[in-house]
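Please go through the structure shown here with attention to backbone geometry, helix packing and the chain interface. The notes after it are grouped by topic.

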There are 2 protein chains.
Amino acid sequence: MSPDDAGRVRRAPTSGPTFDTCFTPELLPLYDLRGRVAVVVDVLRATSSIVTALAQDVTHLVPVSEVAECRALAAEGYLTAAERDGRQAEGVDLGNSPFGYLDGAVPVRGRAVAITTTNGTRALHLSAAADAVLVGAFLNLGAVAARLRQLNQDVVVVCAGWKGKFCLEDTLFAGALAQRLADAFDPSASDATLAALDLWHAARPDVAGYLLKSSHVRRLNSLEAHKDMAFCVREDEYDLVPVFRAGKIEVL
Amino acid sequence: MSPDDAGRVRRAPTSGPTFDTCFTPELLPLYDLRGRVAVVVDVLRATSSIVTALAQDVTHLVPVSEVAECRALAAEGYLTAAERDGRQAEGVDLGNSPFGYLDGAVPVRGRAVAITTTNGTRALHLSAAADAVLVGAFLNLGAVAARLRQLNQDVVVVCAGWKGKFCLEDTLFAGALAQRLADAFDPSASDATLAALDLWHAARPDVAGYLLKSSHVRRLNSLEAHKDMAFCVREDEYDLVPVFRAGKIEVL
C-alpha cells in the first residue's frame with residue numbers, strides 16, 4: 001500500500017497485521033486485546049508528558065487512579081504529578097504539562113514519578129490485557145511505528161478520549177500512526193481507523209490550527225494550553241517507546 | 001455560520017442550540033438526553049428501511065429486540081421484518097432492505113410492521129429518555145433538518161453503529177445533518193460532530209464510493225448490499241419524519 005500524492009491511503013495491503021482504533025476506553029469491552037499490541041494515547045497531555053518525562057531521564061512512572069494514591073507515593077520518594085479537569089491538583093509537584101519536565105523548576109532527572117490524569121491513567125489500566133501496552137504520542141510517533149513493525153502483531157490504538165467521549169486529538173494520532181504503517185498494516189476492517197486516517201489527512205496541513213477548533217482545546221483555552229498543544233503535536237521529538245507493564249511505565 | 005466554498009463550516013454560531021453526536025449506543029450513558037431531541041440513525045439499513053416503509057404507507061412500525069417477539073406480533077396482524085448479521089432472519093416476511101417495501105413482493109400499504117435489527121432497534125430504545133426521538137436517514141435528511149429547526153432544541157444524533165462500535169455511514173449522516181443546520185446549531189462543544197462534519201466533507205463528492213471502503217459495506221459485500229447502499233445514501237427522497245414514542249414509530 002502506498003499513499004497517493006494527497007497522502008491518502010490508496011489500497012489496503014492484502015495481508016499483514018490489522019490496525020484497529022478504539023475511540024474511548026468506554027468501548028474497550030468490545031475489543032479483544034489478547035494477542036494484540038495496545039498503543040495508549042492521550043495527546044493532551046498525559047502520554048505526551050510521559051514521553052517527555054522519560055526523555056528527561058525520569059527512571060519510570062507509576063500511573064495511579066486517585067490523587068491521594070499519588071500523594072501517598074511521595075513518602076516513598078516519588079515525584080507527584082496530578083491533573084484534574086485540565087488543572088494541576090493541589091499538593092503535588094507537577095501538573096500534566098510536558099513543560100513541567102523541561103523547565104527545570106522541579107529537577108526530574110533520575111527521579112521516579114507517580115502520575116494521575118483524568119483520562120490517560122484509566123486508558124492505561126484498562127489496556128493491560130494486551131500482549132504489550134505501548135505509550136504513544138506525536139512526540140514519539142516514529143519510534144512507536146518502528147516498534148510496531150518489529151513486533152508485527154495486530155495493533156489497537158486506545159484513545160484516552162475526554163471523560164469517556166471521543167476526542168479529536170487522540171484520533172489524529174491514530175490516523176497519523178496508521179498512515180506511517182500503511183504499507184504493512186491493514187486498517188480496512190476498522191471504520192474507526194479509516195475515519196482516523198481521513199481526519200489526519202484533513203488536519204495534517206496545520207495540526208495545531210485544526211485542534212484549535214476542538215472542544216478540548218477550547219475548554220483549556222489559555223496561553224499555557226496553547227503552548228502545550230503546539231508542543232504536543234510535534235512529531236518525532238523523542239526516539240523512545242515507553243512500555244506499561246507490572247504497574248510501571250518505563251523504557252525497556 | 002455559513003459554509004465556505006469548499007462546504008466547510010467556517011464559524012460556529014455564537015448562540016443557538018447545540019449539536020452533539022453519539023457514535024454508538026454504548027456511549028449513551030455519557031449523554032444526558034433529557035431536554036434534547038435525539039435523532040436515531042442506522043443508515044445501513046434500519047432507519048433507511050423505516051423511512052421507506054412509512055413513505056409506502058405502512059401505518060406504523062414497532063421495533064422489538066428479539067426475532068421471537070417479532071414473530072409473536074405476526075399473530076396480531078403485523079408484518080414481520082428481521083435482520084441478524086446483515087441477513088433476513090428465518091420465518092419473517094421482510095429483511096432489512098428498503099427494497100422490501102418497494103418491490104411489491106410483500107404488499108405493505110396499510111399494514112403495521114414489527115421490526116428487529118442488529119443495531120437500530122437497540123439505539124431507538126436506548127434513546128427514549130430524549131424529549132423527542134426522531135428517525136433519520138439520508139432519505140429524509142431535509143425533512144429531519146426542517147423539523148429540528150422548528151423544534152429549536154439541543155440535538156444529539158445517536159448513531160446505531162455496528163455491534164456497539166463506531167461506523168462510518170451513520171457518522172456521515174451526522175455530518176450531513178450538522179452541515180444542513182450549520183447556520184443555526186452550534187457543534188463546537190462536540191468533537192464527535194466536528195469529526196463528522198470533516199468526514200462528511202471528505203465523503204461528499206462520492207458518498208457511495210466512500211462507503212465502499214467501509215468495513216460494514218465490505219462485510220455485506222454483495223450485489224444486493226451495494227444496491228441497498230446506493231439507495232440509502234440518496235438525500236431527500238422522502239419528505240417525512242418518523243417519530244418513536246410509546247413503543248411505536250409513526251409519522252405524526
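R45(A) is placed in the loop between β2 (37–41) and α1 of chain A, helices (H or I, at least four residues) and strands (E, at least two) being DSSP runs numbered from the N terminus. The peptide bond that joins L44(A) to R45(A) is cis, with an omega of about 5°. This is a predicted model, in which local features need pLDDT of at least 70 and side-chain atom pairs count only at pLDDT 80 or more, while totals for chains, interfaces and linings use all residues. Residues are numbered from 1 along each chain as its sequence is written, and chains are lettered from A and ligands numbered from 1 in the order in which they are written.

**Confidence**
- Chain A averages a pLDDT of 91, and 92% of the residues score at least 70, where pLDDT is the predictor's confidence in each residue, from 0 to 100.
- Over residues 1–11 of chain A, pLDDT stays under 50, and the model has 20 contacts beyond four places in sequence for this stretch; two residues are in contact if their C-beta atoms, placed from the backbone, lie within 7 Å.
- Where pLDDT is low, the predicted coordinates should not be read in detail.
- For the complex, the predictor gives an ipTM of 0.92 and a pTM of 0.93.

**Backbone geometry**
- Most residues other than glycine have a negative phi, and most peptide bonds are trans.
- In chain B, the peptide bond from L44(B) to R45(B) is cis, with omega near 5°, and R45(B) lies in the loop between β2 (37–41) and α1 (46–55) of chain B.
- D236(A), which is not a glycine, has a positive phi of about 60° and is found in the loop between α9 (223–232) and β9 (242–245) of chain A.
- Because D236(A) has 13 C-beta neighbours inside 10 Å, it counts as partly exposed; a residue is buried if 20 or more other C-beta atoms lie within 10 Å of its own, exposed if 12 or fewer, and partly exposed in between, with C-beta atoms placed from the backbone.
- N152(B), also a residue other than glycine, has a positive phi near 55°; N152(B) is found in the loop between α4 and β8 (155–159) of chain B and, with 12 C-beta neighbours inside 10 Å, counts as exposed.

**Helix α1 of chain A**
- Helix α1 (residues 46–55) of chain A is mostly covered, with nine of its ten residues buried, among them S48(A), I50(A) and V51(A).
- Just after α1(A), D57(A) takes a positive phi of about 65°.

**Packing of α4 and α5 in chain B**
- Helix α4 (residues 141–151) and helix α5 (residues 168–180) of chain B pack at an angle of about 50°, with their axes 10 Å apart; axes are lines fitted to C-alpha atoms, for helices over the stretch in contact, and angles run from 0 to 180 degrees between N-to-C directions.
- α4(B) and α5(B) are therefore oblique to each other, given that angles under 35 degrees count as roughly parallel, over 145 as roughly antiparallel, 65 to 115 as roughly perpendicular and the rest as oblique.
- L141(B), V144(B) and A145(B) of α4(B) make the contact with A176(B), L177(B) and R180(B) of α5(B).

**Interface of chains A and B**
- In the complex, 25 residues of chain A are in contact with 25 residues of chain B.
- On the side of chain A that touches chain B, two or more residues are given by each of α5 (168–180), α6 (191–203) and α8 (215–219) of chain A, and the largest share, seven residues, comes from α6(A).
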